[in-house]
Amino acid sequence: AKLAFELDKLKVKGNAAFNAKRYDEALRYYEDALQLDPTNSTNMLHVILSNTSCVYSWHSKLPRNSKWQKSFDYAYAAVKIKQDHAKAHSRMALAFMAMRMLKEAKESLQTALHIEPSNELVISLRKVDRRIAATDPEPYSSPPLLTRLRKSVCGSKRPREEESEGS
């Protein structure tokens, strides 16, 4: 119980730092949480990994390719731990979209929708379908589109929506 309490404290601090756009600080809190429970004894590791994925998607100090690869890596790690974590699948899809891997993005979004059919990802999935059908060879090169999708996938309030998750 004490480990879960400490982990939750780090997660809450990470979420607060992220909401204040202090991304390096948020990453430190999340990394501390990951180190605190590397075996997932609290069953909260997938949430920390998914939140870390979200932080990397907003982190502007990293090179474009690097941040999206890191975002994908953390989302994928979350999915490996908890296959039915829809937010991790949607964050993985966002990274795929940013890396112009549209078919993979669509598959990840479809998985998220299968897990949470009432999720707002339906709108994002429709955008992916339209982009795949479009003739534009680089449909996701538009920063405003990625920003809108990040807000949809990570939430306009960033990882705060997962504060109560983990039970």
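Analyst: What follows goes from the overall fold to one helix and then to a group of rings.

User: Before that, what kind of model is it?

Analyst: It is a predicted model, in which local features need pLDDT of at least 70 and side-chain atom pairs count only at pLDDT 80 or more, while totals for chains, interfaces and linings use all residues. Residues are numbered from 1 along each chain as its sequence is written, and side-chain values use heavy atoms, with hydrogens and water left out.

User: Ok, how many helices and strands does the chain have?

Analyst: There are eight helices and zero strands, where helices (H or I, at least four residues) and strands (E, at least two) are DSSP runs numbered from the N terminus.

User: And how much of the chain is buried?

Analyst: Of its 167 residues, 46% count as buried, a word that here stands for under 20% relative accessible area, with exposed meaning over 50% and partly exposed in between (1.4 Å probe, protein chains only).

User: What does the largest nonpolar core look like?

Analyst: It has 35 residues, and Phe 18, Leu 49, Trp 58 and Met 92 are among those with the most contacts inside it. Such a core is a set of buried Ala, Val, Leu, Ile, Met, Phe, Trp, Tyr and Cys residues joined through side-chain atoms within 4.5 Å. Helices H1 (2-19), H2 (23-36), H3 (45-58), H4 (64-81), H5 (86-98) and H6 (102-115) each supply at least two of its residues, and the largest share, eight residues, comes from H5.

User: Which residues does Val 55 touch?

Analyst: Leaving aside neighbours within four places in sequence, Val 55 is in contact with Phe 18, Tyr 23, Ala 26, Leu 27 and Tyr 30, contact meaning heavy atoms within 4.5 Å.

User: Several of those sit in H2, I think. Which residues of that helix are buried, and which are exposed on its other side?

Analyst: Tyr 23, Ala 26, Leu 27, Tyr 30, Ala 33 and Leu 34 are buried in H2. They cover an arc of only 125° around the axis, which puts them on the same side of the helix; the arc is taken from the directions from the helix axis to the C-beta atoms. On the other side of H2, Arg 28 and Gln 35 are exposed, while the cover over the buried residues includes H1, H3 and H4.

User: Switching to H4, is Ser 71 buried or exposed?

Analyst: Ser 71, which is found in helix H4, is buried, with a relative accessible area of 1%. Not counting residues up to four places away in sequence, Ser 71 touches Ser 53, Tyr 56, Ser 57, Arg 91 and Ala 95.

User: What about aromatic rings, how many pairs are there?

Analyst: The count comes to four aromatic pairs, under a rule by which rings of Phe, Tyr and Trp (its six-membered ring) pair if their centres lie within 6.5 Å, planes under 30 degrees apart being stacked, over 60 edge-to-face and the rest tilted. Phe 72 and Tyr 76 form a stacked pair, at 5.7 Å centre to centre with 15° between the planes, and both lie in helix H4, four residues apart.
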